[in-house]
Amino acid sequence: MRIQPIVAAIALVAAAQPAALAQEVLTFDQALAIAEQNSLPVAVSEAKLAQSQSQIQQTYAGLYPQLSMTSSAISYRMIDAGASAGLGMGGLGGLGGLGGLGGLGGLSSLSGLGGAPGTYNLLQTSLSLSQVLFDGFQTADALKIADASVKMNQVDIDNQRRKAGYDAANAYLQVLRAEGLRDVSLTAVRQAQAHVEAAQIRERAGTGTRFDVLQAESQLASVQGQLRSTTNSVELARLNLSTVLGQPIDNRLVSSALNLPSMGFGLQDDPSPAVANRPELQ
């Protein structure tokens, strides 16, 4: 087995480590903030909350005075020629002659002014104002339902935010775990490489056998397979973190400096706050 390509690969990985120090670092707190900002369930819950709040405004609107307008067209056909002539002179209940009829905006087909019958189309518009005085407590019940919906959506938003933070923290820690296993595999490859070189030196010096060299090379091949597996695990973990965050992390380093809160709970502590904060109970 040739060891030069293996040495070159290890040297390439080692040389890339100092250059990576200049890359942008993704901290644990940044990951949690990005996950909450880009979380689709959080956005859906916020939209439901806005809908519930608008339902309250819509329910209140039913208590305000309601103004309505109706329009209808009326058609008159004058059979009497004298009535048609009288209409031209300002008759028909004080419409005020041709000028008054034109002001209504709905009189057309003005024919027969010279004594022949004619058809007249009139547009009638009416306004009405209504006010609810008593609705059998329907509005009050609708407001109670809408207010309960607002509270439920607020609890759901908090729950979705906690879930987004938990998923982001889990994915972040999985990346750190995968990178740690990869580093262990890389160290094992370097040690196996040194064992191969030592076995070859002993073989050339006559103090070792060819079997020792083959055994060391077999061990090197095994740990190289582990290195490839852990490297793939790192890539999968980073892809999963990108999916949870809702944006690609590209080549940003994942910082191992975690600022995790310390939480302690014993059997002697009062469990009522923990029970009250359960979202399904709320």
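Modeller: The model is predicted. Its protein chain holds 8 helices and 4 strands, and from the N terminus on the elements run α-β-α-α-β-α-α-β-α-α-β-α.

Biologist: How many of the 282 residues in the protein chain are buried?

Modeller: Buried residues make up 26% of the 282. As for contacts between residues at least 6 apart in sequence, 77% join residues at least 24 apart.

Biologist: Why are α6 and α7 called roughly antiparallel?

Modeller: The two helices pack at an angle of about 165°. Angles over 145 degrees count as roughly antiparallel, and α6 and α7 are therefore given that description. Their axes are 8 Å apart, and α6 passes α7 in a left-handed crossing. By class, the residues of this contact are 22 nonpolar, 12 polar and 8 charged.

Biologist: What makes α3 and α6 roughly antiparallel?

Modeller: Helix α3, residues 40-61, packs with α6 at an angle of about 165°. The cut-off is again 145 degrees, so α3 and α6 are roughly antiparallel to each other. Here the axes are 9 Å apart and the crossing is left-handed. The residues of the contact divide into 10 nonpolar, 10 polar and 5 charged.

Biologist: Which residues in α2 and α6 meet?

Modeller: From α2 come Phe28, Ala31, Leu32, Ala35 and Glu36. In α6 they meet Arg161, Ala164, Gly165, Ala168, Ala169 and Tyr172. This contact divides into 8 nonpolar, 1 polar and 2 charged residues. Gly counts as polar under the classes used.

Biologist: Which residues touch the most other members of the largest nonpolar core?

Modeller: Of its 18 residues, those are Leu26, Tyr172, Val175, Leu241, Leu245, Ile249 and Val254. Helices α2, α6 and α7 (210-245) each supply at least two residues of this core, and α6 gives the most, with 7 residues. Tyr172 also belongs to the α6 side of the contact with α2.

Biologist: What does Ile249 touch, not counting residues up to four places away in sequence?

Modeller: Ile249 touches Leu26, Arg238, Leu241 and Ser242.

Biologist: How do you know whether Thr243 is buried or exposed?

Modeller: Its relative accessible area is 63%. Exposed means over 50%, so Thr243 is exposed. Thr243 is found in helix α7.

Biologist: How far apart are Thr243 and Ala35 in sequence and in space?

Modeller: Thr243 and Ala35 are 208 residues apart in sequence and 9.3 Å apart in space, C-alpha to C-alpha. Ala35 is one of the α2 residues in the contact with α6.

Key:
Residues numbered from 1 in each chain as written. Predicted model: local features only at pLDDT ≥ 70, side-chain atom pairs only at ≥ 80, totals over all residues. Heavy atoms only, no water. Contact = heavy atoms within 4.5 Å. Core = buried A, V, L, I, M, F, W, Y, C linked by side-chain atoms within 4.5 Å. Buried < 20%, exposed > 50% of the residue type's maximum accessible area, 1.4 Å probe, protein only. Axes fitted to C-alpha atoms, helices over the stretch in contact; angles between N-to-C directions. Parallel < 35°, antiparallel > 145°, perpendicular 65-115°, else oblique. Left-handed = near helix turned anticlockwise from the far one by under 90°.
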